[in-house]
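Let's take a walk through a protein together, one stop at a time. Have the sequence and the 3D view ready, and turn the model as you read.

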Amino acid sequence: MEHPAFKPLMIRQSSLTRLGSMLNTAVGNSKKPANGEIQWCFSQVKGTLDDEITEADIISCVEFNHDGDLLATGDKGGRVVIFQRDPGSKTSVPKRGEYNVYSTFQSHEPEFDYLKSLEIEEKINKIRWLRRKNPAHFLLSTNDKTIKLWKVSERDKRAEGYNLKDEAGETKDRGVLTGLRVPVLKPMELMVEASPRRIYANAHTYHINSISVNSDAETYLSADDLRINLWHLDITDQSFNIVDIKPVNMEELTEVITAAEFHPTDCNHFVYSSSKGLIRLCDMRMAALCDRHAKLFEGPEDAANRSFFSEIISSISDVKFSRSGRYMLSRDYLSVKVWDLHMETKPIETYPVHEYLRSKLCSLYENDCIFDKFECCWGNNDQAVLTGSYNNFFRMFDRTSKRDVTLEASREIARPKTTLKAKKICSGGKRKKDEVSVDSLDFNKKILHTAWHPTENIIAVAATNNLFIFQDKF
């Protein structure tokens, strides 16, 4: 059972919401805006649009692979669904972001820890793709306790003409064999197979919240609330503990680990964030146990907005290196921040996601929404950032123009080539016709998981049990 002192911190850690709509700028619906901003339009939606939602169908993670041809989702039912880019959509002029189901498999099953009398959910917490080395694809998936390495491969030929077996697979009587023949490969209908190649278990006492593949393509890390372990992809029964923040006395516990990630190019560097709003950069060359960080990123405290909820909303729910490796992106409950690895004292950019919710923190605390964990992601060229919010809103920030926009993933726009219209939120006073009142926001509809194609302006947004795919207006 979990220590009583640890429970409130787990709640605090799971806080950090990446909500997301604020007013400021809006993108008009002209086909080619004068300011040159991206116009987003609807491409596809996956999953049923019915009002009744099964808990197991709720999407819990979204991840593009390194070339963007595959898009994987995990859900609370332990399933992984992989979508493949339609080949025709890549070569068409203009290009289209269309994906079809490629493979579906059950990654994790519900389990029970008899020693701790604890149920282990099948929910997929994270999916991470390995870089491709051969025709097959490999990905890591994890629930709260167990990480699995999956191989996804295609088969379009089968062997026929065995000497000792007939076509039905039954063993032949050797007495009737009159000669030997060489089996031949015959074409067959394409079959996509997913098979577990490695299972990495029994290394985490607490719930796994992050996995990250190293740039050396040989190792990866896994992080839970108090520890980070380093694994070799080929070794399942041994991992090295590289961060351990568990105090000797659990009564002295003051923070938990919320996210961790390897640097995209420097295999010795990784970062992890905490419920205190801190980001620590560690260098594995300095010591075997990275309890001493190489750099500590901590922004100045906002004394003007200090309140009972300050510690909860300052907790970082996600941290991501930029594709170039020069910057970091962090998400707390009310904002997204961009950090320069060369400057630890404060973020170089801060974008408010839904500042209009600051006055509603008390009610958000009472309904537990303040503990939602929102993710964030970088654009394909590091010049934009994307994160989610409530009411199925998601927010985009252009780092160059400093403009931002609030868009909505809803069934109303689920028509091909429909241009997304910017949403404006009214936080008080008289509401205009095209504005949405803060009081009318649906906090049960939230976008926690988003992903951006590595080279194109195609985004995937998980809205409860639906996966929306949007692309730039063509």
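This is a predicted model: local features need pLDDT of at least 70, side-chain atom pairs count only at pLDDT 80 or more; totals for chains, interfaces and linings use all residues.

β16 and β17 (residues 269–274) pair in the antiparallel sense, with five bridges between them. To find a specific place in this pairing, look for Glu-261, which stands opposite Val-271 in β17. While you have a strand in view, here is a handy general rule: in a regular strand, the side chains alternate between the two faces of the sheet.

Now move to another open sheet of four strands, with the order β12-β13-β14-β15 and antiparallel pairing. Its edges are taken by β12 and β15 (239–244), each with a single partner strand, so one side of each is left without a neighbour in the sheet. Neighbouring strands of this sheet are turned by 20° against each other on average, with direction ignored. Inside it, β12 and β13 (residues 219–223) run antiparallel and are joined by four bridges. Which residue stands opposite Val-213 in β13? That residue is Tyr-220.

Next, find β9 (residues 137–142) and β10 (residues 147–160). A hairpin of four residues leads from β9 to β10, and the two strands pair in the antiparallel sense over six bridges. One place to check is His-137, whose bridge partner in β10 is Val-152. β10 also pairs with β11 (residues 184–200), again in the antiparallel sense, over 13 bridges. In that pairing, Ile-147 stands opposite Tyr-200 in β11.

So far we have followed the chain itself; now let's look at the space it leaves open. Rolling a probe the size of a water molecule over the atoms shows where empty space is left. The second largest pocket holds about 1200 Å³ of space. It is lined by 44 residues, and the closest to its centre are Glu-63, His-66, Arg-128, Trp-129 and Val-213. There is Val-213 again, the residue that stands opposite Tyr-220. Among the elements that give two or more residues to the lining are β11, β12 (210–213) and β16 (257–262), along with β2 (59–64) and β8 (126–129). What kinds of residues make up this lining? They divide into 20 nonpolar, 11 polar and 13 charged.

Let's zoom in on two single residues. Thr-73 sits in strand β3 (residues 70–75). Is Thr-73 buried or exposed? Its relative accessibility is 7%, and because buried means under 20%, Thr-73 counts as buried. Leaving aside neighbours within four places in sequence, Thr-73 is in contact with several residues, including Ile-59, Val-81, Phe-83, Ile-127 and Leu-467.

Lys-337 belongs to strand β22 (residues 335–340). With a relative accessible area of 23%, Lys-337 is partly exposed. Not counting residues up to four places away in sequence, Lys-337 touches Met-328, Leu-329, Ser-330, Asp-332, Pro-347, Glu-349 and Thr-350. Between Lys-337 and Val-319 there are 18 places in sequence, and their C-alpha atoms are 9.5 Å apart in space.

Our last stops are in the loops, where we will look at the backbone. Most residues other than glycine have a negative phi, and most peptide bonds are trans. With that in mind, look at Val-93 and Pro-94, which are joined by a cis peptide bond with omega about -5°. Pro-94 is in the loop between α2 (87–91) and β5 (99–106). Then find Ser-117, in the loop between β6 (111–113) and β7 (118–120). Ser-117 is not a glycine, yet its phi is positive, near 50°. Asn-392 is not a glycine either and has a positive phi of about 60°. Asn-392 lies in the loop between β25 (384–388) and β26 (393–398), and at 10% relative accessibility it counts as buried.

Note on methods. Residues are numbered from 1 along each chain as its sequence is written. Side-chain values use heavy atoms; hydrogens and water are left out. Two strands pair if DSSP finds at least two bridges between them. On a 1 Å grid over the protein atoms alone, a cavity is a set of points where a 1.4 Å probe fits but cannot get out, and a pocket is an open set with protein on both sides within 12 Å along at least five of seven lines; lining residues have an atom within 4 Å of a point. Grid points are joined across faces, edges and corners, and a volume is the space filled by probe spheres set on the points. Ala, Val, Leu, Ile, Met, Phe, Trp, Tyr, Cys and Pro count as nonpolar, Asp, Glu, Lys and Arg as charged, and the others, Gly among them, as polar. Axes are lines fitted to C-alpha atoms, for helices over the stretch in contact, and angles run from 0 to 180 degrees between N-to-C directions. Buried means under 20% relative accessible area, exposed over 50%, partly exposed in between (1.4 Å probe, protein chains only). Contact means heavy atoms within 4.5 Å.
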